[in-house]
Amino acid sequence: MGFKVPHEVINRLLPGASNVAPEDWIGFVGRADQLNMDRNGCYEHRNTQGNRFADEYEGTWLKKWVDSSGAQRLHPKEQGMVPLFHQLTRPLEPAEMAKSGFDFPSVPADQIQGEHKGVDLADLAKRIAATDLEAKDGDPLLLQIRAMADAAPAHTPKELEAMNQILWRHFARNVTFGAYENAAAGVSAAFDAVERPFAITREAGAKFKVHTKRELKELVVKAPEGARVSLVPIDKCERMGAVLGQVDIGPGGEGRLDLTQLPQDTAKLALYVVHDEDVAGPKAPVAKSRVSLPLPWCEFHWNLDNSERIARLRAGQPEA
């Protein structure tokens, strides 16, 4: 039971309008860290007392104590905080790495301007878009990434460099792609990012790779109204940093968290959603979601195959 959360993180996770007062929660978290909890008989957890972390051992021990002893020596207010404390000291639910799809829109060739090492980018773009093969796929003035891959063998080294400039300058896109969803809890998260292709590498035959860089902008979270969403960076050694951002969800059911200032060593993001729910007695805070989101790649490539597309165009069957 090695999972642990720094006090400076767990102390801030309650909703802003929670029925549990922040000072009561902070006091409870600190007291749990000081209790003996039979730690002297457990070598693995002997040194976890007073370390300013809320850990899995503490949460599990408190839950067992309440379940087996009827919460002796705990005030009713403290007893009411045990379920949330146990939830938040459990290991995070793992999520799969989020990935966007290859759906870069075509770019009008007549919108491309500039030059690179003496190559006129506008002229190059129009030449690629209007070739006999590409003209069969709709508007001959629209430039596609797949068309640039087809055209690569017929261009000079300088023109190939210029094609990469066209990719970087004109095919950048804003994209939002799902990172996590828990329909039962009413919680979902998606990354909002800018993606820029910067090079095409041709493989065997009609196969090629589009090399791309991604810049994360925001995490878009949907959650129940009144919930507090917290984001915490986790490094490659599974250590949590300070709370990166928080948002209290309003009537629209959506919040946005800035991702442009992530610590350099961030490998994952811990996403916490805590909401006051109807339980036995008055409303009490409940962890609706506590999930670990792997950061999507900042540099990656798509493996694509143009064989079917080329065959279709040569047969006179443009894309619908």
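The chat below goes through the strands, helices and a few single residues of a predicted model.

Reader: Before we start, what kind of model is this, and how are residues numbered?
Author: This is a predicted model, in which local features need pLDDT of at least 70 and side-chain atom pairs count only at pLDDT 80 or more, while totals for chains, interfaces and linings use all residues. Residues are numbered from 1 along each chain as its sequence is written, and side-chain values use heavy atoms, with hydrogens and water left out.

Reader: Ok, which order do the strands take in the open sheet of five?
Author: The order is 3-15-14-11-12, with mixed pairing, where strands (E, at least two residues) and helices (H or I, at least four residues) are DSSP runs numbered from the N terminus, and two strands pair if DSSP finds at least two bridges between them.

Reader: And which strands stand at the edges?
Author: Strand 3 (93-94) and strand 12 (245-248) do, each with a single partner strand, so one side of each is left without a neighbour in the sheet.

Reader: How many bridges hold strand 14 to strand 11 and to strand 15?
Author: Strand 11 (residues 228-235) and strand 14 pair in the antiparallel sense over eight bridges, and ten bridges join strand 14 to strand 15 (residues 284-294), again in antiparallel fashion. Leu-271 of strand 14 is the bridge partner of Leu-231, and in strand 15 the partner of Leu-271 is Val-291, while that of Tyr-272 is Arg-290.

Reader: Is strand 14 mostly buried or exposed?
Author: Nine of the twelve residues of strand 14 (residues 266-277) are buried, so the strand is largely enclosed by the rest of the structure; buried means under 20% relative accessible area, exposed over 50%, and partly exposed in between, with a 1.4 Å probe and protein chains only.

Reader: What about strand 11, which residues point which way there?
Author: Arg-228, Ser-230, Val-232 and Ile-234 point one way, Val-229, Leu-231, Pro-233 and Asp-235 point the other way, and all are buried. With eight of its eight residues buried, strand 11 is therefore largely enclosed by the rest of the structure. In a regular strand the side chains alternate between the two faces of the sheet.

Reader: And how does strand 11 join strand 12?
Author: Four bridges join the two strands, which run antiparallel, and Ser-230 stands opposite Gln-246 in strand 12.

Reader: Switching to helices, which strands does helix 4 lie across?
Author: Helix 4 lies across strand 14 and strand 15, running at about 5° to strand 15; axes are lines fitted to C-alpha atoms, for helices over the stretch in contact, and angles run from 0 to 180 degrees between N-to-C directions.

Reader: At what angle does helix 4 pack with helix 3?
Author: Helix 3 (residues 56-69) and helix 4 (residues 76-88) pack at about 140°, with their axes 9 Å apart. The two helices are therefore oblique to each other, given that angles under 35 degrees count as roughly parallel, over 145 as roughly antiparallel, 65 to 115 as roughly perpendicular and the rest as oblique.

Reader: Which residues meet there?
Author: Glu-58, Gly-59, Thr-60, Leu-62, Lys-63 and Val-66 in helix 3 meet Gln-79, Val-82, Phe-85 and His-86 in helix 4, where contact means heavy atoms within 4.5 Å.

Reader: And helix 5 with helix 8, how do their axes cross?
Author: The axes of helix 5 (residues 121-129) and helix 8 (residues 157-170) come within 10 Å and cross at roughly 90°, and the two helices are therefore roughly perpendicular to each other.

Reader: Last one, where is Leu-141?
Author: Leu-141 is in the loop between helix 6 (132-135) and strand 7 (142-143), and at 45% relative accessibility it counts as partly exposed.
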